[in-house]
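Please look over the model shown here before reading the notes. The points below go residue by residue, then out to the whole chain.

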Amino acid sequence: MHVPLASLNGSMMEEYLKKRSIDSAKLQLIKDLLDRCDLARFASADIPKEQMTKDFEHLQDLMNYL
């Protein structure tokens, strides 16, 4: 994307991926994962281990897709 890491955000990523015709279900999954990461990072949310395991599997699938 050629932007500084500090300025990278979810809406910027969404715009970038939409221009590249990313599947809408995959795009929603990315947004959901980013939201949960923000909750864990900034709100100290208590995310169950099962959810973290599912998120990790989804992330691996997304990486293969992209």
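L17 counts as buried, because its relative accessibility is 11% and the cut-off for buried is under 20%. The residue lies in helix α1. This is a predicted model.

**L17 and its surroundings**
- Neighbours within four places in sequence aside, L17 is in contact with I22, L27, I30 and L66.
- K54 sits 37 residues from L17 along the chain, and their C-alpha atoms are separated by 23 Å.

**Chain overview**
- The protein chain has three helices and zero strands.
- Along the sequence, the pattern reads α-α-α.
- Taken along the principal axes, the C-alpha atoms fill a box of roughly 35 × 25 × 15 Å.
- The chain has 66 residues, and buried residues make up 15% of them.
- Take the contacts between residues at least 6 apart in sequence: 42% of them join residues at least 24 apart.

**Helix α2: length and ends**
- Helix α2 covers residues 24-42, which is 19 residues.
- At 1.5 Å a residue, α2 should span 27 Å; its end C-alpha atoms are 27 Å apart, so the two values agree.
- The expected span uses one less than the number of residues.
- What caps the N-terminal end of α2? D23 does, with a side-chain oxygen 3.3 Å from the backbone nitrogen of A25.
- After α2 comes S44, and its phi is positive, near 50°.

- D32 lies in helix α2. Is D32 buried or partly exposed? Its relative accessible area is 28%, so D32 is partly exposed.
- D32 and K54 are 22 residues apart in sequence. In space, the distance between them is 12 Å, C-alpha to C-alpha.
- D55 is found in helix α3. At 12% relative accessibility, D55 counts as buried, because the value falls under 20%.
- Which residues does D55 touch, not counting those up to four places away in sequence? They are L33 and R36.

**Rings and charges**
- How many aromatic pairs does a search of the whole structure find? The count is zero.
- Charged side chains do lie over rings: R20 is over the face of Y16, at 3.7 Å from the ring centre.
- K26 lies over the face of Y65, at 5.2 Å from the ring centre.

**Recap**
- L17 of α1 is in contact with L27 and I30, among others.

Terms used:
Residues numbered from 1 in each chain as written. Predicted model: local features only at pLDDT ≥ 70, side-chain atom pairs only at ≥ 80, totals over all residues. Heavy atoms only, no water. Phe/Tyr/Trp six-rings, centres within 6.5 Å; stacked < 30°, edge-to-face > 60°. Lys NZ or Arg CZ within 6 Å of the ring centre and 35° of its normal. Helix = DSSP H or I, 4+ residues; strand = E, 2+ residues; numbered from the N terminus. Polar contact = N/O pair within 3.5 Å; in protein donor to acceptor, adjacent residues only side chain to side chain. Buried < 20%, exposed > 50% of the residue type's maximum accessible area, 1.4 Å probe, protein only. Contact = heavy atoms within 4.5 Å.
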